[in-house]
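Please open the structure in your viewer and keep the sequence panel beside it.

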Amino acid sequence: MSEPAGHRCRICTGTPVPVHSFGMQPIANAFRPAAVSAADTYRFELAVSVCPQCGTVQLIDQPDREQMFHGEYAFFTGTSRAMTEHFARFAAWVRDEHLRGDDPLVVEIGSNDGTLLANFQQWNIRHVGVEPSANVARAAQARGIPTEVRFFDADAARAIVATHGQASAFIAANVMCHIPYLHSVVEGIDLLLGEDGIVAFEDPYAGDVLAKGSYDQFYDEHVFLFSLHSVAAVFARHGFELVDVQPQMTHGGSMRYVLARTGKRTPTAAVREYLDREVAQRITDPARWKEFGRRCEASKQALVSLLRDLKAAGKTVAGYAATSKSTTILNYCGIGPDLIAFISDTTPIKHGTVTPGTGIPVVPRAAFGPPYPDYAVLFGWNHETEIRAKEQEFVAGGGRWIRFFPDVEIVS
Ligand SMILES: [Zn+2]
């Protein structure tokens with residue numbers, strides 16, 4: 001039997017409305033040597049839809065998860081100092097605000113190299129990580145953090161409960177928005193958590209994306225772009241409700257969602273406040289997201305014409321930070337080495353590779369300068385403050401940054 005037109009909502013029974021396509025895209029994190037990259041023809045259409053019934057913003061198609069989370073998964077959380085510090089604050093907040101009872105257990109999914117859980121290890125609070133990428137999971141195990149190498153679902157939850165008992169807190173950072181089969185995760189949470197347990201997770205926030213036009217939050221790994229409305233809809237089906245939300249500056253605008261079993265805790269005023277803001281923003285309205293799509297088109301035209309003008313004027317242009325996010329921008333805009341000569345990045349594993357689908361060489365930070373290029377596109381815009389503080393010499397010598405959100409502009 002053939003599928004009906006449109007795709008089914010991954011959260012409810014609604015039929016999502018397509019709102020914008022970013023064209024054919026490679027795997028965002030597939031930074032590989034030039035010859036390997038050129039031979040890799042894997043592409044999928046990065047197109048976004050919004051479910052009119054539950055309001056969830058989601059990708060229409062997503063590559064197989066085996067394509068994305070494999071043994072060579074390149075991102076180690078511990079390599080980012082800013083993320084390590086952020087996770088230390090997240091862990092301390094969970095400990096101080098939410099761990100109740102004697103001998104609590106904290107479970108983190110997508111626990112990566114154990115950077116967040118290492119805090120609980122230090123405090124002698126019981127903890128278990130669940131991580132499907134074998135190489136990063138091994139790094140966590142090597143530092144003594146109990147880690148199950150698997151995807152989290154009801155079976156994984158049963159296995160953890162059998163060995164460690166029920167959990168007081170289920171946490172995740174930049175993980176939940178990656179999981180297409182979200183209901184099986186929440187079923188697992190329901191089995192895992194004690195009666196008074198809490199769920200706390202952070203993900204890029206739809207409210208920030210709408211406000212800033214930051215479309216680079218869309219790439220293969222991010223199957224969902226959550227709002228309070230959509231998170232509440234997912235969890236309501238399993239007997240949980242939002243009890244707090246806290247906006248975060250990480251990743252260009254994220255939200256920390258806190259949920260508990262319905263009726264167990266009193267929701268904070270922030271929950272009502274942000275729900276009201278989302279209504280004013282029309283965050284669940286497909287028509288609003290189609291307007292967003294038109295803004296993305298305008299942004300693309302502006303960035304490409306700026307880069308072409310600079311090239312015509314004989315200026316040199318580099319990129320700064322070879323992020324997964326930059327893959328969406330480069331492929332959507334069709335920007336290759338003719339417009340951006342190279343991208344510098346501090347991650348050693350990316351050196352000697354090229355950007356997925358667009359072939360721009362990725363080089364170590366030392367190649368950025370001196371001598372510096374005339375302009376640098378700030379792909380790591382969510383770390384702008386940190387980067388600008390570090391690269392004062394570039395600007396002092398006359399170098400200029402190109403920023404693209406909320407508007408394409410040259411800044412000094
Ligand atoms: Zn839906």
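The stops below go from the whole chain to its domains, its sheets, its core and a few single residues.

**Before you select anything**

What you have open is a predicted model, in which local features need pLDDT of at least 70 and side-chain atom pairs count only at pLDDT 80 or more, while totals for chains, interfaces and linings use all residues. Residues are numbered from 1 along each chain as its sequence is written.

**Stop 1: colour by confidence**

Colour the chain by pLDDT, which is the predictor's confidence in each residue, from 0 to 100. The protein chain averages a pLDDT of 93, and 95% of the residues score at least 70. Where pLDDT is low, the predicted coordinates should not be read in detail.

**Stop 2: the two domains**

Select 77-287 as domain 1 and 296-411 as domain 2, bearing in mind that such bounds come from an automatic or database domain assignment. The centres of the two domains, taken over C-alpha atoms, are separated by 32 Å. How many residues of each domain are in contact with the other? There are 12 residues of domain 1 in contact with 15 residues of domain 2. On the domain 1 side of this contact you will find four nonpolar, five polar and three charged residues, where Ala, Val, Leu, Ile, Met, Phe, Trp, Tyr, Cys and Pro count as nonpolar, Asp, Glu, Lys and Arg as charged, and the others, Gly among them, as polar.

**Stop 3: the six-stranded sheet**

Strands are DSSP runs of E with at least two residues, helices are runs of H or I with at least four, and both are numbered from the N terminus; two strands pair if DSSP finds at least two bridges between them. Show the open sheet with the order β14-β13-β12-β15-β16-β17, whose six strands have mixed pairing. Its edge strands are β14 (362-363) and β17 (409-411), each of which pairs on one side only.

Within this sheet, select 375-378 for β15 and 400-403 for β16, which pair in the parallel sense over three bridges. Across this pair, Y375 has R400 as its bridge partner, and A376 has W401. Moving on, β16 and β17 run antiparallel and are joined by three bridges; they form a hairpin with five residues between them, and I402 stands opposite I410.

Next, select the loop between β14 and β15, where P370 and P371 are found.

**Stop 4: the nonpolar core**

A residue is buried if 20 or more other C-beta atoms lie within 10 Å of its own, exposed if 12 or fewer, and partly exposed in between, with C-beta atoms placed from the backbone. A nonpolar core is a set of buried Ala, Val, Leu, Ile, Met, Phe, Trp, Tyr and Cys residues joined through C-beta atoms within 7 Å. Which members of the largest core touch the most other members? Among its 120 residues they are V107, F170, L259 and A376. Strand β7 (residues 167-173) gives this core its largest share, six residues. Both domain 1 (77-287) and domain 2 (296-411) give residues to the core, so it lies between them. Centre the view on A376, whose contacts, leaving out residues up to four places away in sequence, are A318, G319, Y320, F394, G399, W401 and I402.

**Stop 5**

Select the open antiparallel sheet with the order β1-β2-β3-β9. At its edges stand β1 (17-25) and β9 (224-225), each with a single partner strand, so one side of each has no neighbour in the sheet. Between β2 (residues 44-50) and β3 (residues 57-59) there are three bridges, and S49 has Q58 as its bridge partner.

In the segment before β1, select C12, which counts as partly exposed because it has 18 C-beta neighbours inside 10 Å. Leaving out residues up to four places away in sequence, C12 touches C51, Q53, C54 and A233.

**Stop 6: two asparagines**

Finish with N112, in the loop between β4 (105-109) and α4 (117-122), and N174, in the loop between β7 and α7 (182-192). Phi is positive in both, near 55 degrees for N112 and near 60 degrees for N174. N112 counts as buried because it has 26 C-beta neighbours inside 10 Å, and N174 counts as buried with 20.

Notes. Contact = placed C-beta atoms within 7 Å.
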